[in-house]
Structures are given as structure tokens and as C-alpha cells.
Amino acid sequence: CQTQWELFSVSGERSFSIDYKHNCFLKDGKPFQYISGSIHYSRIPRYYWRDRLVKMYMTGLNAIQVYVPWNFHEAVQGVHNFTGDRDLEHFLDLANQTGLLVILRPGPYICAEWEMGGLPAWLLQKPNIILRSADTDYAQAVSNWLAVLLPKMKPWLYINGGNIISVQVENEYGSYYACDYNYMRHLRTLFRFFLGEDTVLFTTDGNTDKEMTCGTLEGLYATVDFGTDTNVTEAFSRQRRFEPRGPLVNSEFYTGWLDHWGDQHAVVDAQKVSRVLGEMLTMGANVNMYMFEGGTNFGYWNGADHDTRFRSVVTSYDYDAPLSEAGDPTEKLLAIRDVIKQFRDIPSGPMPPATPKFAYGFVTLRKVGNVSSLLNTLSPLGPVKSQHPLTFEEMKQYYGYMLYRTTLPRDLSEPTPLISPLNGVHDRAYVSVNGVFRGLLERDTALVMNITGQQGDTVDILVENMGRVNFGSKINDYKGLLSNLILGKDVLTDWKIYPLDIDGAIAARWPHSDSRKYFPTPQKEPLPGPAIYMGTLQPNGLAWDTFLKLYEWTKGQVWINGVNLGRYWPARGPQQTLYIPGPLLSTSLPNNITVLELEGAPAHLRVLFMDRPQLTLCNQQADSEHFQTSPKKYC
């Protein structure tokens, strides 16, 4: 786009469009280049939305890119939630007040390392549904959802006086096996109907011919995504093959990367990021940095990958992004700001500082009881009886945990294999006989274990849904026991299946509200197996961000004051601490801590509130010494 446009006279009307002649966007008739960053309102507490947006604005960004996770707003079919942390319009309004334009990505599929890529799990109640296709059941559900969402978004379009300049249709559809153009045409029709003919609609795809071929459609502007290890000229020349005229756009320029449990913590060099960013901006390209702040997979919202095996995404979505998980400016942010300064005037004034953090210290927990002894509280509706196991979806319990109970069909004096022959444990099963923990079965990796016991002994199998696959062909990811378990020569039958509403019980202030009941005789060593622990962090007048370290705890879930912080698994790593936003804490009342430990708690039963995160697996020996002697030292 050349300076001749600066003479363009503008009628008072707002407009945003593509100038195919001069290869750029036009905003109100003038050439426009966006420098944007991704931020997910679903991963950041509402209290902090403004803080993060101001930091992005002060870095020099003029736009943000936002995913809308369908399942976050319609977890139960037909029940829509746009309040509190789900108040998308409030988020858009804050961005507008801050001076940031919005690139909206409403899916319906979003990937995002988010549970099932944002698709609601209730879609799986139709056993033959083909997701992300023109399949009738899927297309109807999508139409119903977009008929709710898109009319809410229409007033927020830039051309209607709002701040949304462009809207993405689907997400990297070219990486999905279906390659169903009828589906993309259906979406194009819906988006045009609800948003009008003048809205800039676009697609985003990975930097390969196959992905661009299956992901693009006439009438949707084709953009590309790539990171720091890509030849920029080659990538944009691929975009040009599919979109010969119009602006160059990298819709996802990767500033970092995600972590799975068992990975090394991903790091992308700040100098690389700033160098490639400068290269793209010099070419006049429009760039969105993915992520600018990652945030946190609170609760059960993490996704998973399944290439050769199932790999669950960790709770922290820090992403090594320019703003940390807790929203703090990093060296990477300052390097990016220095690049942006060369291309546009950035706001004057200081960058808002990191939010204050506090190390509240140690809290010792006490055991409430084993999960199998607490079923009256955790499963108030009682069990469903079934000859064969039922999935989470069949039980309409879409997230969290369920307990499957049966009895031993015969005496087993010798260790006898309990097998999931069809790899039907999705995703992790904790097996107890008569209340004694015997071990676990795990999807793709541990399909057999041995047990002994007497005929009639109670077998309890607690199954954890570790997050549905969010990318690739395996997103129809059913949870629970998907097929029969075989014990020796017997198929296990006659199940009692308990849906566990642990979150509901804890939101109602259990176990703290009736904690006098829970004083089991302390054991020297806590017994292994799924159990609930509780404690309180006494108030000290501060409600500052903090990080919870569960040193020597094994795997589980943590709640603070009824809010589900997400999963911990320090032994598998790399993540060692859970982020606790300060606004969750009370300055004057005891703060209730509840822990579901699935495998085995440490003898010390202590947890530690620290003033900094630890997202990498350290030297275990050094870590142990630091933990015992001085919680102020970190590896």
C-alpha cells in the first residue's frame, strides 16, 4: 500500500475491507497493517482482563486475536452462559476502551490446546456423528450455536461501531482428514447470513500445500500460520499461490509452544521471535503473535494430542509467551516492543508492572477420606446399574471423574491379570480391591495389571478424564471405560457406575463446612489410592497472586475456595506449581484448600505457596533439600 491513499477522502462511515489492488487492508479507506497478539479470555480471570489488555496496548499492538470456545459457553446442550468469566461482550468492550481492535475466531472448532478443541462433549451422544463435517447432526448443532453467538457479535463489528475487524471461519481446517468443502460452504453461508456481506471473513491454515488446499474456500480470505523456524519468503509465497492479491497475513506467529505432561518445558528464543517479527513487518505483512498471553487451563479445560499415543496438555498455558501465565511482562515482550517501535508509534508511558506475588508459605493438610468412602457426598444421585460399563458421555458426565464398582466373580489366590484388551481405559483408571489401592491402568501405555482377592470382594475403578483430544482425526474422544475389562478368564459385569460431582460438593463448601466429621486416625504413612485432603490458608490481609507447589504429592486436582485450579502431576512434569490468581483469595477469612490426590500423598502432607512459578522439572535431590530447609530457595 502506497502513500497515494493518504489523499483518500473519507465519508464519516466506518469501513474495514481488503484492497486487492494494493495488497493491504483498508480501515476507513486508509491502508492498515495490524500487529496483533492472541489472548484467551477463557484462560484468564475476568478481574485481570483489563490489566492484560493494557499491557498488550502498551507494547504497541493495535489488535488482539480471540478464540470463542463453544463448550465454555454451552457445556450443557441448549444452556448458554455469557456471564462472569464467560462475559465475552464485556471482554470486547474492555478491548475497545483500551484502544484494541479484535480479530474474532468463533470456530466452531478452535483447537487451542483446549478440551475437544472447543467442541462440546455432548455432541458425542450421537455415536455416529462426524465432527467438523457436513454430517447432519453436527451441522444442525453448529447452526443452533452460531444462531446464538453471531447475532451477539454483529453489533461489535467495526463497521457497526464496534472493534471486530475480521472473523475467522473454522480453524486450520486443512489439517483435518475430512476435507469437506460442503461443511466449509455451510459455515460461509451461516457467517454471511448473521454478519452481513461486508464483513472480512478469513481462514487460517498451516504452511503446507495440502493444508491450504483443504482449508481454503472462495469468498474466505486465505491466511497462513508459521513460527520462527520457517523461511518467511517461502511461507508468504505459499499464501500467494492461494491468494494471489491482498495483504500478507501470518495469523499465528508462534512466540512459544505448549507443554504436555512428560515433555521438557518449551522455550522459544526471544531474539529469534523479534528478528522474524521484524522481517515480516518489513514486508508489510499483518502479524498475529500466538500467544501473547497464554494463561491457565483451569478446571478440566486442558486439551490433549494423539499422534502415536494420548498425551494430555499441562495446566499451565504459559506458552513462553511475551506476557507470562500470571500476566507479567517478560524480556521477550520488551524485545518485541523494540521491534514494533521501528514500524509504528507506540503509546508513551510506562509498561504496567507485574502484579504483586506473595509466598504465603506452608500449609499442612489432613485427610478427609478415601473417595470410595465418600460416595454419598460426591455422588448424591447414587449409581447407575449396568451390565457393561457406560462411558462418561452415556452418563452425561462430561468432565472430571467417575467411579465404576463391581465384585470379584471368583477367588483369586494367585495374581490374576486385569486387562483392557481394546485399550478402552480413557484415560487413567485407579483400581482398588476392598478399599486397598492395587495400581492403575492407563490409555495406550498400561493395559494390564494383576490383582488378588476373594469372590465377592468390591472392586472400585476410579476413571479420570484427562482432557479430550483437541487436534487431528481423534477428536471424537469418548471417556471412561469404553469396552469390557477382562479379569483372568472372566468378563467383568454387573457394574454400579457413580458419576462424581466433586466440584459441586466443593462449591457448596464441603468438606470444610462439616469438617468436624473428618478426623481419621492419622497413619504414619498415608495409604495410597484416591483420597480427598483439606486444609486452610489463614488470611494475612493480602490477596496477591501466588503459586502452589505440591512437592512429593503424586497426581491430582486442587480447589481453592471452591474454584478448580486444574491438575497437578509433578512427578511427570514439567509443571511443578499451579497458578493461583490473587482475587480467588480472601484477605479476612480462612482460605479453603481441597486436594484430590489420586495415587499417594506424602507423609508430610504439606503444600507450599510460593511467589514465583516453576514450570520445569528440576534436579529432584536439590529440590528436596530446598523444600525441607528453605522454601525461599528455588531450583
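**An open sheet and a pair of annotated glutamates**

In this predicted model, an open sheet is built from 5 strands in the order 15-28-33-30-31, with antiparallel pairing. Its edges are held by strand 15 (366-370) and strand 31 (563-568); each of these has a single partner strand, so one side of each is left without a neighbour in the sheet. From one strand to the next, the twist averages 20 degrees.

Attention now turns to two annotated residues. The UniProt record, an unreviewed entry, places the feature "active site" at Glu172 and Glu252. The two are spread over 81 residues of sequence, yet they cluster in space, with a largest C-alpha distance of 10.4 Å.

Glu172 sits in the loop between strand 7 (164-168) and helix 5 (181-195). With a relative accessible area of 11%, Glu172 falls under the 20% cut-off and therefore counts as buried. Beyond its neighbours within four places in sequence, Glu172 is in contact with several residues, among them Arg132, Asp225, Tyr254 and Glu252.

Glu252, for its part, belongs to strand 10 (residues 249-254). Glu252 is buried as well, with a relative accessible area of 4%. Again leaving aside neighbours within four places in sequence, the contacts of Glu252 include Tyr67, Arg105, Asn171, Glu172, Asp225 and Tyr290.

Note on methods:
Residues are numbered from 1 along each chain as its sequence is written. This is a predicted model: local features need pLDDT of at least 70, side-chain atom pairs count only at pLDDT 80 or more; totals for chains, interfaces and linings use all residues. Side-chain values use heavy atoms; hydrogens and water are left out. Two strands pair if DSSP finds at least two bridges between them. Helices (H or I, at least four residues) and strands (E, at least two) are DSSP runs, numbered from the N terminus. Axes are lines fitted to C-alpha atoms, for helices over the stretch in contact, and angles run from 0 to 180 degrees between N-to-C directions. UniProt positions are given in the numbering used here, feature names are shortened, and annotations may be inferred rather than shown by experiment. Buried means under 20% relative accessible area, exposed over 50%, partly exposed in between (1.4 Å probe, protein chains only). Contact means heavy atoms within 4.5 Å.
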